[in-house]
Amino acid sequence: MDQILIEMQHISKRFPGVRALSDVPFTLHSGEIHALLGENGAGKSTLIKVLTGVEHRDEGTILLEGNPIDPRTPQEAQNLGISTVYQEVNLCPNLSVAENIFIGREMKKHGLIDWERSYEKSGTLLNMFNLDIDVTQKLSLYSVAIQQMVAIARAVDISAKVLILDEPTSSLSALEVQELFKIMRMLKDRGMGIIFVTHFLDQVYGISDSITVLRNGEYVGTYPTASLSRIQLVGKMIGKEYSEIDGRPVQFQQQKKDREIVLELKDASSDGIKGVSLSLQKGEVMGFGGLLGSGRSETARMLFAADPLTGGKLEIGGKPVHMKQTLDAIRRGIAFCPEDRKSDGIVGDLSIRENIILALQAKRGICKSISHAEADAIAREYIERLQIKTPGTDQLIKNLSGGNQQKVILARWLATNPSLLILDEPTRGIDVGTKAEIQKMVISLADGGMALVFISSEIDEMLRCCNRMTIMRDKQQVGELVGSEITEAAIMECIAGGLQ
Amino acid sequence: MKSIVRKLTKTQIFWPLVIFLGILALNGLISGGSFFRLQIVDGHLYGRIIDIFRNGSKLMLLALGMTMVLATGGTDISVGSVMAISGAVACTIIEGSLFPFANGSVVFAIAAAIFAGVLCGSWNGFLVSRIQMQPIVATMILLVAGRGIAQLICKGRIVTINSPPFYFINGGYILGLPFPVYIVVALSLLVLLVVRKTAFGLYVESVGCNGEASRYSGINSARIKFFIYILCGTLAAVAGLIESAGIKGADANNAGLMIELDAILAVAIGGSSLSGGRFSLLSSLVGALIIQSITTSILSLGIAPEVNLVVKAVVVIAICLAQSPVFQQSISAFRAKIKKQEVVA
């Protein structure tokens, strides 16, 4: 545990328009399981990519056992002894287990592949991991958990110094996670250094020796796991010290009584959530809190019929409704700004005008085409109202800045005149000015009688915008806060699962 | 004036149109003007130009459907086989070997052939939009099987028919112009109307550009795709009727052979992206005319038929190069370099 395996110093990496990492240090000892944590966009994956040669750093040095290294490709990093297992198993499911283990470095005899030896060696290797499976069978025959183990076995066999596990547990059951942890402990005892990236705090405390937290591309700190409480950890991840916020006055939001209920969930489940009950009311901004992967976005997707309801009830106006596709939700007055603006929001090669009228056109139906003149008028109205900076309505949306693209998407939904507007991370990757504009708009829309759902990783923003909050953890609802109960401390307690 | 010219050159149809007129002009020059000569025989117009439009009619119809399919990010390589099926159905009904109860009715034969096209299109659409098979694989099934189906319908023969009303589809004239020209104009107008007067065109472009975002905006992309493959199959069936009316029979082995590639090429030459998104039906029609005019000019210039394909390939390479943004950029970079050298010198 004393020997330093990897030492990264002053690592900086810039992408066009974004500083992904600035001056970040990272140290990994041998025989250590080191959790790397941070919210979305914190720079975890960039740091991993720099270490594994997928991206090249702009500045900084990397030392491996004291020697400077400069990996340019994952292969190079692998040859140096650094290998990675990703969330999605990146093996070939239609090849045999043995083929997968030795692909790219096949054992040969007289120029031909020596199958007998391959099978034998893969068998012994997997035995080490307590896996007794037929290595001649196709990999796809086995469960994701076993595939993951095979991926780890392959990684360890190739290079046994540093193992990076990038969210390996997302698709594993609790039992399988325990199996994985056993293997991680065994590798640790053999002196390997393991970097563990995950969103599950329970697992961090279950396995890791130390924790490094990143936030917005900056280094927050490295702490021994045993000395950092959950509440402190959550605070560091979202950028607030617990002590700092504890006594702070919180702005109180008036809770009006007897609001009209727009939509109600009763014990609703989908693939991403279990048993959520809540009611959304006119003139109210409901926040979905929780860490990434907690089920906050999944609840939103289910409300919009983007994910099917698998259990429970969804009621609109007191009557249970069954929505099969997003258009059903739109026709019932629900609007949804998805989290990933680029892949799920904008239609890049179409103009601003077309992007704005898209949902309205879908709502009206294919035959009631919106004329060019009407579309232009609608687009102009929203460009004016939301102050979208663009040379004209013909401009392609992909040429706009992120903030203006987001405003166009908002315009698309406002044009449908919704009674419920769901905003999933509407301010991510947006400059401060536009952020404030969007927050203001959220509040004024609620004042105008609309029901809103607001999701954000930034706790400040939630405090400013929400009258009511539902907190999610591990796909389940763990608390609801109303009005003055919404404080940073209360939210963090809920997220962390009680003070510990 | 200058700005109007600039605006004009920016439109998608500009360069295809220039290329088409260029090919015609070149032909006129080489032939000493005889290329443009139109003769009126029995009140019918004859001439090379008329040939291009008449012979290009099949490709134009296919290009119409193919443009829409490509705009959704798909492809349909089965159109040639659908042509063969359509011709086989029509001819065997007229001959009386298929559905003898119809008594060789030409109207019934045409309706049945078009219905066969709709069926083929629905099959493709089903595989692509419901089963979510990759379009090239999904339509490859019909590319291979379709020709087999056509051969089965013809019972392995080349079916020849004697039916002047059916011949009219290809050889007929109305007001001096060949009938296929009317078919192309009518169907193009119909498709244009549906695409631009309803929101269909917007949906297609949106789905082709970003399917996920379109779904979130309430567009049922599966249904859109399904309908488009039906449209493509139907237009291919009409092209198959023109083909078999031209050869006065059905040749299941050769009808529409390899024409799917020409149809895709026509869309590419027309400047619509093959990866989906923005499309221009008129540009694709001009693209089809360009391909046809190359074939016609090779024949009319008396170039040996065996070099036909090579000449065509060279011309196509030239056109595609001229439209490639990378090529255009490197040309302008090259120009700038020369200019710089001149200045230095």
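This is a predicted model: local features need pLDDT of at least 70, side-chain atom pairs count only at pLDDT 80 or more; totals for chains, interfaces and linings use all residues.
1. Chain A is divided so that domain 1 covers 4–244 and domain 2 covers 261–496. Taken over C-alpha atoms, the centres of the two domains of chain A are 35 Å apart.

2. Who takes part in this domain contact? Domain 1 of chain A brings 13 residues and domain 2 of chain A brings 15 residues. On the domain 1 side, helix 7 (201–207) and helix 8 (230–238) of chain A each supply at least two residues. Helix 8 of chain A gives the most, with 5 residues. By class, this side of domain 1 has 6 nonpolar, 3 polar and 4 charged residues.

3. Next, please turn to the place where the two chains meet. Chain A and chain B bury about 2,000 Å² between them, with 57% of it on carbon and sulfur atoms. The contact draws 32 residues from chain A and 21 residues from chain B.

4. Which side chains form the salt bridge between the chains? The rule finds 1 salt bridge across the interface of chain A and chain B, and in it the side chains of Arg278(B) and Glu354(A) meet at 2.7 Å, N to O. The two chains also have 10 residue pairs in polar contact, counting pairs with both residues at pLDDT 80 or more.

5. On the side of chain A that touches chain B, helix 11 (326–331), helix 12 (341–345), helix 13 and helix 15 (402–414) of chain A each supply at least two residues. The largest share, 6 residues, comes from helix 13 of chain A. The residues of this side divide into 17 nonpolar, 9 polar and 6 charged.

6. Finally, have a look at Arg353(A), which sits in helix 13 (residues 352–364) of chain A. Is Arg353(A) buried or exposed? Its relative accessible area is 9%, so Arg353(A) counts as buried, the cut-off being under 20%. The side chain of Arg353(A) makes a polar contact of 3.2 Å with the side chain of Asp376(A). Leaving aside residues up to four places away in sequence, Arg353(A) touches His372(A), Ala375(A), Asp376(A), Ala379(A), Thr393(A) and Asp394(A).

Terms used
Residues are numbered from 1 along each chain as its sequence is written. Chains are lettered from A and ligands numbered from 1 in the order in which they are written. Side-chain values use heavy atoms; hydrogens and water are left out. Helices (H or I, at least four residues) and strands (E, at least two) are DSSP runs, numbered from the N terminus. Buried means under 20% relative accessible area, exposed over 50%, partly exposed in between (1.4 Å probe, protein chains only). A polar contact is a pair of N or O atoms within 3.5 Å; within protein, one must be able to donate a hydrogen and the other to accept it, and residues adjacent in sequence count only if both atoms are side-chain atoms. Contact means heavy atoms within 4.5 Å. Buried area is the accessible area (1.4 Å probe) that two parts lose on being put together, summed over both. A salt bridge is a side-chain nitrogen of Lys or Arg within 4 Å of a carboxyl oxygen of Asp or Glu. Ala, Val, Leu, Ile, Met, Phe, Trp, Tyr, Cys and Pro count as nonpolar, Asp, Glu, Lys and Arg as charged, and the others, Gly among them, as polar. Domain bounds come from an automatic or database domain assignment.
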